[in-house]
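Please keep the 3D view open as you read.

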Amino acid sequence: MKIELTDRIRNLPPYLFAEVDRLKAEQIKKGVNVIDLGVGDPDRPTPEFIVKELQKRAEDPANHQYPSYSGMNQFREVASRWMKKRFGVTLDPETQVVSLIGSKEGIANIPYAFVNPGDYVLIPSPGYPPYTSGTLFSGGQPYFLPLKRENGFLPDLAEIPEDIAVKSRLLHINYPNNPTAAAATKEFYKEVVAFAQKYQIIVCSDAAYAEIYFDGKKPVSFLEIPGAMEVGIEFQSLSKTFNMTGWRIGWACGHPEIVAGLGKVKTNVDSGVFHPIQFAGMVALEKGEAAAAEIRKLYKARHTLFISGLKKIGFDVASAAATFYVWVAIPGGYNSKSFAMKLLEENGIVCTPGNGFGEHGEGFVRFSLTKEEDRLQEALDRLKKLKV
């Protein structure tokens with residue numbers, strides 16, 4: 001029998017990271033002490049009080065049945081209170097919050113609710129791959145918005161052609177940004193609200209890194225902006241805030257009809273988040289402020305060490321305002337892929353080629369700070385010997 005993939009699978013962009021993974025495995029097989037600064041996955045464990053809550057709740061048979069699609073009432077209430085305390089955003093937990101199996105799930109699924117075949121979706125480039133894959137799977141047409149260094153890695157909405165804007169259904173924004181580590185301003189969000197209102201576009205704000213910031217410079221929520229609640233939805237995640245990437249829990253909140261549309265998709269494709277994980281998430285949000293601060297303190301120390309080291313060596317650090325990433329311009333004579341391969345093959349250092357996040361990531365690589373300081377220092381020592 002001939003097995004054929006669908007067009008939606010064949011049309012996905014090449015998975016550049018697969019080759020990096022293959023070469024990394026080869027180097028490890030050779031005995032190379034590889035330092036992996038490519039993965040955006042916290043290296044420290046989930047705080048103990050959160051783990052203990054999961055253990056306690058998992059022992060209760062009442063929590064072993066199917067979870068609700070939209071999330072436990074208690075979880076949505078806690079998430080609403082957290083949004084109010086952190087951002088000053090008021091939400092109705094019954095109609096404006098839906099739990100997610102991690103924010104990635106919501107981001108990938110929301111086009112199914114609002115994008116018809118042929119509709120455009122406005123996507124940042126470089127950007128998180130599910131913005132594109134979710135669009136393609138739903139039959140939508142991606143239109144990429146370049147994130148340029150001279151614009152602070154913010155999209156220039158004025159450059160979007162009128163004929164594209166009027167046919168667009170969704171606009172993805174992501175700040176603090178992965179992969180560029182840039183932060184957004186309230187002024188930019190005001191522009192987004194005006195643009196969305198003019199063209200009747202749903203704004204999908206990915207705020208997964210909102211709690212990874214430095215020097216007290218707290219990122220704002222898109223939903224804080226006047227008018228944002230009329231046009232948007234925001235995706236929040238516990239993954240980076242509390243080292244809970246493997247737990248798969250987050251939520252989406254915003255305009256009730258947008259939340260309901262996403263909830264309709266979820267009702268048909270999944271069975272919600274395991275109740276003990278939701279209980280653990282509630283404890284994290286209610287009692288985790290000190291733990292989150294400690295996590296930020298850890299990344300701040302790594303951030304200072306690695307960025308100062310890169311600059312002393314002569315690297316051009318393009319952006320590192322927030323998140324645990326550092327966005328670095330590559331030296332002349334290379335492209336993103338060839339430079340990343342050089343670091344891996346000659347120095348045993350894994351970084352992520354910028355063009356793996358889209359065409360406009362070319363010219364950069366991303367380093368992740370998810371390694372202990374001694375490993376980051378060892379990486380810097382190896383980079384000092386780099387011949388370019």
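In this predicted model, helices H5 and H10 are roughly perpendicular to each other, because angles from 65 to 115 degrees count as such and their axes cross at roughly 100 degrees. The two axes come within 9 Å. On the H5 side, the contact is made by Glu105, Gly106, Asn109, Ile110, Tyr112, Ala113 and Phe114. H10 brings Glu257, Ile258, Gly261, Leu262, Val265, Lys266 and Val269 to the contact. Sorted by class, that contact has 8 nonpolar, 3 polar and 3 charged residues.

Let's stay with H5 for a moment. This helix covers residues 103-114, which is 12 residues. At 1.5 Å a residue it should span 16 Å, and the C-alpha atoms at its ends are 17 Å apart, so the two values agree. Which residues of H5 are buried? They are Ser103, Glu105, Gly106, Ile107, Asn109, Ile110, Pro111 and Phe114. Among the elements that cover these buried residues are helix H6 (129-137) and helix H10 (256-269). Strands take part in the cover too, including E2 (97-100), E5 (168-174), E6 (202-206) and E7 (232-237).

Helix H12 (residues 289-313) packs against helix H14 (residues 373-384) at an angle of about 5 degrees, with the axes 10 Å apart. Angles under 35 degrees count as roughly parallel, so H12 is roughly parallel to H14. H12 makes the contact through Ala301, Arg302, Leu305, Phe306, Gly309, Leu310 and Ile313. From H14 come Glu373, Leu376, Gln377, Ala379, Leu380, Leu383 and Lys384. By class, this contact has 9 nonpolar, 2 polar and 3 charged residues.

Our last stop is strand E10 (residues 325-329). Why is E10 described as largely enclosed by the rest of the structure? The reason is that 5 of its 5 residues are buried. Tyr325, Trp327 and Ala329 point one way from E10, while Val326 and Val328 point the other way.

E10 pairs with strand E9 (residues 316-319) and with strand E13 (residues 364-368). E9 and E10 form a hairpin with 5 residues between them. In the turn of that hairpin, Thr323 has a positive phi of about 70 degrees.

| Strand pair | Bridges | Direction |
|---|---|---|
| E5 and E6 | 5 bridges | parallel |
| E9 and E10 | 3 bridges | antiparallel |
| E10 and E13 | 5 bridges | antiparallel |

Leu171 stands opposite Val203 in E6. Ser319 has Trp327 in E10 as its bridge partner, and Val328 stands opposite Val365 in E13.

Note on methods. Residues are numbered from 1 along each chain as its sequence is written. This is a predicted model: local features need pLDDT of at least 70, side-chain atom pairs count only at pLDDT 80 or more; totals for chains, interfaces and linings use all residues. Side-chain values use heavy atoms; hydrogens and water are left out. Helices (H or I, at least four residues) and strands (E, at least two) are DSSP runs, numbered from the N terminus. The expected span of a helix is 1.5 Å times one less than its number of residues. Buried means under 20% relative accessible area, exposed over 50%, partly exposed in between (1.4 Å probe, protein chains only). Contact means heavy atoms within 4.5 Å. Two strands pair if DSSP finds at least two bridges between them. Axes are lines fitted to C-alpha atoms, for helices over the stretch in contact, and angles run from 0 to 180 degrees between N-to-C directions. Angles under 35 degrees count as roughly parallel, over 145 as roughly antiparallel, 65 to 115 as roughly perpendicular and the rest as oblique. Ala, Val, Leu, Ile, Met, Phe, Trp, Tyr, Cys and Pro count as nonpolar, Asp, Glu, Lys and Arg as charged, and the others, Gly among them, as polar.
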